[in-house]
Amino acid sequence: MSNRRAYHVQRMASLFLLTASPLPLMAQTPAVPAQKEAEEPILPDEQFEARLPRVEGADANAPLPSIDSWIDQQMPAQGSAVTELPAATEPAEEQELALPLPPLDSVTVPANVAANDDPNAKLPDVRYTTSIEGFGKTGLEDEFRAHSALIEGKGKAETAAMVQARAQEDEKLATRLFHAQGYYDATALASLDQAGDGTLKAVISVTPGQRYKIGNIVITAGPTVPPTLVRDSLPLRTGDYIIATDVEGAEANIGVKLPENGYPFAQVGQRDILLDPATVTGDYTLPVDVGPRGTFRRITTSGAKQAFGADHMEVIKRYKPGQLYDSRKVDDLRKALVATGLFSSVAVDPVRTGEAGPDGTEYVDLAVEQEAGPPRTLAGEAGYGTGQGFRAEGTWTHRNLFRPEGALILGAVAGTQEQGVSGTFRRSNAGKRDKTFQTGITLNHQNYDAYEAFTAGLNVGWSRASTPIFQKRWTYSYGAEILLTNEQVVLDPATADKTRRTYFIGGVPVQIGYDRSNDLLNPTKGFKATLRAEPEGSLQGAFSPYLRASFDLSGYYPVSDSLVIAGRAKVGTISGVSRNDIAPSRRIYAGGGGSVRGYGYQELGPKDANNDPVGGRSVNEFAVEGRYRFGNYGVVAFVDGGQVYESQIPQFSDMRYGVGLGGRFYTNFGPFRADIAMPINRQPGESKFALYIGIGQAF
């Protein structure tokens, strides 16, 4: 019979610990002693009496003398010689203790003696070199060197004992690494040698031995639906090498797959791997307690300070009662609760009910433990653009003033060319997951080269938008808006004569987006597209209906881990009305940080006699960027192009271009951006360069 050893993998790090399986002890019953016979006396009474001392010349029945008189009789007479005690002698010296201590591992090192004149002087370091032998083709030497205590010490130590301790730690490290890769017969030996110059040499010598493979695989588990669920969830095969990370990952996969398929309370037990040196294999056994198969029922919530109740959580969840339990939907609910921004902590856990559900399953409730966080937020953003000037916006938000998730948002804009205030009511998850209702009022003043406008607006809308936690593939928005605006209008571009007009505008904006990019704030691959259409009517004397529409497409291609090529294209149109019947603030413009860099804000397109832009009815734009990132920093080179036309269809002619460079500083909330660009073939009145500063990529 071959010699077999039982190994139990007990840690999630990377080490299998060797344990022997002792034979069971046989029970033993103690013998009951027989009844003792009467014991005979050691001396008969007659002999005992005969041996007692006799008192001469005295009556045996007389009383005993006093103890004092007896003591006096025992003391020696005065003047008699006193018996001296023997002289004290020293204990014999132990010969072994008298011998000198042997040197550490028979190694002599320079004595570390502090100078007499400076007791605090630093002792000289012990120098050593490290030699590693025996790893061969195992591929583990690099990992050993990366974690070696000897190598980490860089050849210096305070004492030789410290070098020895490091060598012993490296012995254990080498053994752990080999065991983690299936070399269970591996050995490691550390030794210290001394060179002629007194330098120590630490040698780590290893012998990997044979590498074990998985033999038979046995899983002990209760019945599941489907019957092979547990085995299919364990990606281990007979003949695979016994690699700790692979084994642990495979067992973790069971802990993931079973809750995803209706078993929320599944528990993976302690594995056993029985090694056989004769076949260089290990038989693998794993117990699994699958628990009951469950279906969703209801949500309960608790917590000293709650943001909202279980009824609103029922709106947010993505499953229906009676559906088979799936831990992915539980994780989705937890993320959605976090995305509300109303909790300082929130946990979602399944709870057994013991009540029978459909198809022999058991109902499972979800217990939400919540702690509401601060509901108020102050936020701000600032930027600068040539032609647009400095602009800063701040908001105060109470995210849960009207429970559940009813927010009040007060905002203000201050800038060199724009000022305004706004108030907004927003209801998130309004009757449906991810659906937002919003209504608000704005008062705004804008004073640009293209126009000056005093505007009051009222808007209402519904939307489904992406968030940093949930980047959605499809997004949409629709609603209505009413504007009352008083604006300065150029009557004739040839003369630049201006007047003021008041417009009453109503519109029904609709937008749909499709996003396949990999990141909302800093995409590096994929693409996204947005289509916006807004039937609109303007009342200024006569009623003028028209349609505003635009299509925007962006794409991202990773050339390498550090370099990304990004591109953007846009077309837009206003159809159904002449330019002069459109309020200047509602016309199409181009130029600036989010459009064609190298030009001032709204600088492109038709101009009046004063060389001020008057806007148009169509636009085409494009941009190409090369984004190179190194750590938290990056540089960008870009080319932008575009033009605005008076016609309602873009002409794709007379294009204007700008080129530039930018810098990026990447933070956890998005990249900080600074771009500088120059126009190509600059025209009179255009800037020599344009500077743009903001947060987020240009597109």
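**Figure 1. Overview of the predicted model.** The chain contains 10 helices and 30 strands. The structure is a predicted model. Of its 699 residues, 36% are buried. Among contacts with a separation of 6 or more, 58% join residues 24 or more positions apart.

**Figure 2. Close-up of the largest nonpolar core.** This core holds 24 residues, and the members that touch the most others are Phe135, Phe144, Leu150, Val163, Phe178 and Val206. Two or more residues each come from strand E3 (126–133), helix H6 (160–180), strand E5 (187–194) and strand E6 (200–207). Helix H6 gives the largest share, 7 residues. Beyond its neighbours within four places in sequence, Val163 is in contact with Tyr128, Leu150, Ala157, Leu192 and Leu200. A second, separate core comprises 23 residues, including Ala310, Leu342, Val368 and Ala372.

**Figure 3. Close-up of helix H6.** The 21 residues of H6 reach 30 Å from the first C-alpha to the last, close to the expected 30 Å at 1.5 Å a residue. Its buried residues are Ala160, Val163, Gln164, Arg166, Ala167, Asp170, Leu173, Ala174, Leu177, Phe178, His179 and Ala180. An α-helix has 3.6 residues a turn, so residues three or four places apart point the same way. Gly182, with a positive phi near 95°, follows H6.

**Figure 4. Close-up of helix H8 and its surroundings.** Helix H8 (residues 244–260) has 17 residues, and its first and last C-alpha atoms are 25 Å apart, close to the 24 Å expected at 1.5 Å a residue. Buried in this helix are Ala244, Val247, Glu248, Ala250, Glu251, Ile254, Leu258, Pro259 and Glu260. The elements that cover these buried residues include H6, helix H7 (229–232), strand E8 (267–268), strand E10 (281–289) and H10. After H8 comes Gly262, whose phi is positive and near 100°.

**Figure 5. Close-up of helix H10 and its packing.** H10 consists of 13 residues and reaches 18 Å between its first and last C-alpha atoms, close to the 18 Å expected at 1.5 Å a residue. Its buried residues are Ser327, Val330, Asp332, Leu333, Ala336 and Leu337. They pack against H8, strand E11 (294–302), helix H9 (310–316), strand E12 (343–356) and strand E13 (362–372). Gly341 follows H10 and has a positive phi near 75°.

Figure 6. Gln370 counts as buried because its relative accessible area is 1%, below the 20% limit for burial. Leaving out residues up to four places away in sequence, Gln370 touches Thr301, Ser302, Gly303, Lys305, Gln306, Ala307, Phe308, Met313, Phe343, Ser345 and Val346.

**Figure 7. Close-up of the second largest pocket.** At least two lining residues are supplied by each of helix H10 (327–339), strand E14 (376–385), strand E15 (389–402), strand E16 (406–415), strand E18 (436–447) and strand E19 (452–464). Strand E15 provides the largest share, 5 residues. By residue class, the lining has 12 nonpolar, 15 polar and 9 charged members.

Figure 8. Most residues other than glycine have a negative phi, and most peptide bonds are trans. The bond from Val225 to Pro226 is cis, with omega near -5°; Pro226 is in the loop between strand E7 (213–221) and H7. Arg403 and Pro404 are also joined by a cis peptide bond, with omega about -5°, and Pro404 is located in the loop between E15 and E16. Val280 has a positive phi near 55° and lies in the loop between strand E9 (272–276) and E10. Val280 counts as buried because its relative accessibility is 15%, under the 20% limit. Asp654, likewise not a glycine, has a positive phi of about 55°. The loop that holds Asp654 runs between strand E27 (633–645) and strand E28 (656–667). Asp654 is classed as exposed because its relative accessible area is 58%, over the 50% limit for exposure.

Methods. Residues are numbered from 1 along each chain as its sequence is written. This is a predicted model: local features need pLDDT of at least 70, side-chain atom pairs count only at pLDDT 80 or more; totals for chains, interfaces and linings use all residues. Side-chain values use heavy atoms; hydrogens and water are left out. A nonpolar core is a set of buried Ala, Val, Leu, Ile, Met, Phe, Trp, Tyr and Cys residues joined through side-chain atoms within 4.5 Å. Buried means under 20% relative accessible area, exposed over 50%, partly exposed in between (1.4 Å probe, protein chains only). Helices (H or I, at least four residues) and strands (E, at least two) are DSSP runs, numbered from the N terminus. Contact means heavy atoms within 4.5 Å. Ala, Val, Leu, Ile, Met, Phe, Trp, Tyr, Cys and Pro count as nonpolar, Asp, Glu, Lys and Arg as charged, and the others, Gly among them, as polar. The expected span of a helix is 1.5 Å times one less than its number of residues.
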